[in-house]
Amino acid sequence: MASLLNTALSVGFTSNGRARRVRARSLVSPASVSFSRRRLTIRAAETDTNEGTVKPQVPDKAPAGGGSSFNQLLGIKGAAQETNKWKIRLQLTKPVTWPPLVWGVVCGAAASGNFHWTLEDVAKSVVCMMMSGPFLTGYTQTINDYYDREIDAINEPYRPIPSGAISEDEVITQVWVLLLGGLGCAGILDVWAGHTFPIVFYLALGGSLLSYIYSAPPLKLKQNGWIGNFALGASYISLPWYNIFGYFVSVLITACYYVDLPSVDRWAGQALFGTLTPDIIVLTLLYSLAGLGIAIVNDFKSIEGDRAMGLQSLPVAFGAEAAKWICVGAIDITQISIAGYLLGAGKPYYALALLALIIPQVFFQFQYFLKDPVKYDVKYQASAQPFLVLGLLVTALATSH
C-alpha cells in the first residue's frame, strides 16, 4: 500500500478491454479518479509519511518555456532563467517599479513652482530620481523579495532567491549597498539645496524604515492588507512628491510594489525645490488611498502563498471578487474626490482634465483587471497606470498655480 501512495498508476484500456500500457510516475497532486468512454485513469497523491499531509504541487522552474529576457531585466513575471549575477541583481530591484517614483519627483518639482530649466536644477532632479528609483526603490524591492522568500517558494519558486540563483548573503549585501547609496544621495541633495535642516535625508530615512517594517518581522505591516497597502501607497505617492522637497514618498511607495511611492517622491521633489504646504500634504495623502488600490493589484498573484503563511492580504481576507472592487473603488473614488476638490478650489480646467484621465482607467479596469486580476495584472497596470500618473502631474500643476 505504501508504494501505491507514493506513485501514480496510469492504466489505459482500448475499446475491446485489452490493456495498452501501464506506467508508474511520481506525483504531488491530490488523489483523483476520472472516467471517460475509452479510458480509465487512477492517480494516488504523494503524501508526507511523517505528517500525513499532501504536498503542494509547485513548479521547479519558470512555467513559460524559456521566458523573456526583457521581462527578466524589468523584474516581472514571465522572466527567463538567468545565471549572470548582475542581471539577477537588477531583476531583484524590479526596474519596472522605478518610473512612478521618478514621476513623483517630477510632480514634486512641478508643484513647488520653483523648478527652472537650468543645468543645476536638472542635475538636482536627476540625482533625486536616482535616489528615489534605482537606489531606494531598488532597496525596498530587494528587501521585500528577501523576506518573501518563503512565500515565493510556494507562489513563484523560480524567482532568484528561492531558486538559489543568488545567495542570501549576496542579497543582504545588495540591500545595504542600495540603502546607503540612497541615503548618500539624500544627504548630497540637502547640502546642494542649502538646507539648514536635512529634510531630504530624513524623508529618505523615514521612507526606508517604513519599507523595512512593511516587509520584515516582527511588525511586517503587509500581514494586514489595509495597513500594509496604505503604507505602500503613501510611500509611492506622498514621499517622492515631498522629496524635491523631501523623498519620503519614494521609499514608501516602493515598499509594497510601486503603487504609492509617488507621494514620498513628490514630497522629496517638493522639499528639494520649495516648501510643503497643508494642501499638498492632504492631496498627496489622498492619492495614497489610490496607491492602496494599486498595491492590492499585486496581492492577487500571491493568494495561495499569503494564505499558507498567514498573511491577511485583502484578497485573502475578503475573497478575490470583493477585493477586486475594493481595489478599483480606492483608485477611482480617490481621483474623483480630488477632481471635486480642484473644482471647488476654482480650477475647473484642471478638474476636467483629471476626470478625462480617469475614463480610460475605468475602461481598462473592465477590459482587463475585473475579468482576471491574475492573468491581466501586468497588462492592466501597463495600460491604466500612465493615465493615473498623468493625473498626478495635472494635480501638481494645479497646486503650483
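**Helix packing around α17**

Modeller: Helix α14 (residues 278-297) packs against α17 with the two axes 7 Å apart and at an angle of about 160 degrees. This makes α14 roughly antiparallel to α17, and their crossing is left-handed. On the α14 side the contact is formed by Asp279, Leu283, Leu286, Tyr287, Leu289, Ala290, Leu292, Gly293, Ile294, Ile296 and Val297; α17 contributes Ala323, Ile326, Cys327, Ala330, Ile331, Thr334, Gln335, Ile338 and Tyr341.

The model is predicted: local features need pLDDT of at least 70 and side-chain atom pairs count only at pLDDT 80 or more, whereas totals for chains, interfaces and linings use all residues. Residues are numbered from 1 along each chain as its sequence is written, and side-chain values use heavy atoms, with hydrogens and water left out.

Some terms need their limits. Helices (H or I, at least four residues) and strands (E, at least two) are DSSP runs numbered from the N terminus. An axis is a line fitted to C-alpha atoms, for helices over the stretch in contact, and angles between N-to-C directions run from 0 to 180 degrees. Angles under 35 degrees count as roughly parallel, over 145 as roughly antiparallel, 65 to 115 as roughly perpendicular, and the rest as oblique. A crossing is left-handed if the near helix is turned anticlockwise from the far one by less than a right angle, and right-handed if clockwise. Contact means heavy atoms within 4.5 Å.

Helix α17 (residues 320-344) also has α19 (residues 377-400) as a partner: their axes come within 12 Å and cross at roughly 20 degrees. The two helices are therefore roughly parallel to each other, and α17 passes α19 in a left-handed crossing. Here Ile331, Gln335, Ile338 and Leu342 of α17 meet Tyr380, Leu388, Thr395 and Ala398 of α19.

Helix α19 in turn packs with α18 (residues 348-369), the axes coming within 9 Å and crossing at roughly 165 degrees. That angle makes α18 roughly antiparallel to α19, and this crossing is left-handed as well. Among the α18 residues in the contact are Tyr350, Leu357, Pro360, Phe364 and Tyr368, and the α19 residues include Lys379, Tyr380, Phe387, Leu388, Gly391, Thr395 and Ala398.

The UniProt record, an unreviewed entry, places the feature "transmembrane region" at residues 199-219, 240-260, 280-301, 322-343 and 349-370. UniProt positions follow the numbering used here, feature names are shortened, and annotations may be inferred rather than shown by experiment. Residues 322-343 are 100% helix and 0% strand, with end C-alpha atoms 31 Å apart. Residues 199-219 are 81% helix and 0% strand, and their end C-alpha atoms lie 26 Å apart.

A cis peptide bond joins Pro217 to Pro218, with omega near 10 degrees. Pro218 sits in the loop between α9 (199-215) and α10 (225-237). Most peptide bonds are trans, and most residues other than glycine have a negative phi. Lys94, which is not a glycine, has a positive phi of about 50 degrees. Its place is the loop between α3 (85-92) and α4 (98-112). Lys94 is buried, with a relative accessible area of 5%; buried means under 20%, exposed over 50%, and partly exposed in between (1.4 Å probe, protein chains only).

Helix α3 itself contains Gln91, which is buried at a relative accessible area of 8%. Beyond residues up to four places away in sequence, Gln91 touches Gln72, Gly75, Ala79 and Pro160. Lys87 is also found in α3, but is partly exposed at 37%.

As a whole, the chain has 19 helices and four strands, and 50% of its 401 residues count as buried. Residues 24 or more positions apart account for 65% of the contacts with a separation of 6 or more.
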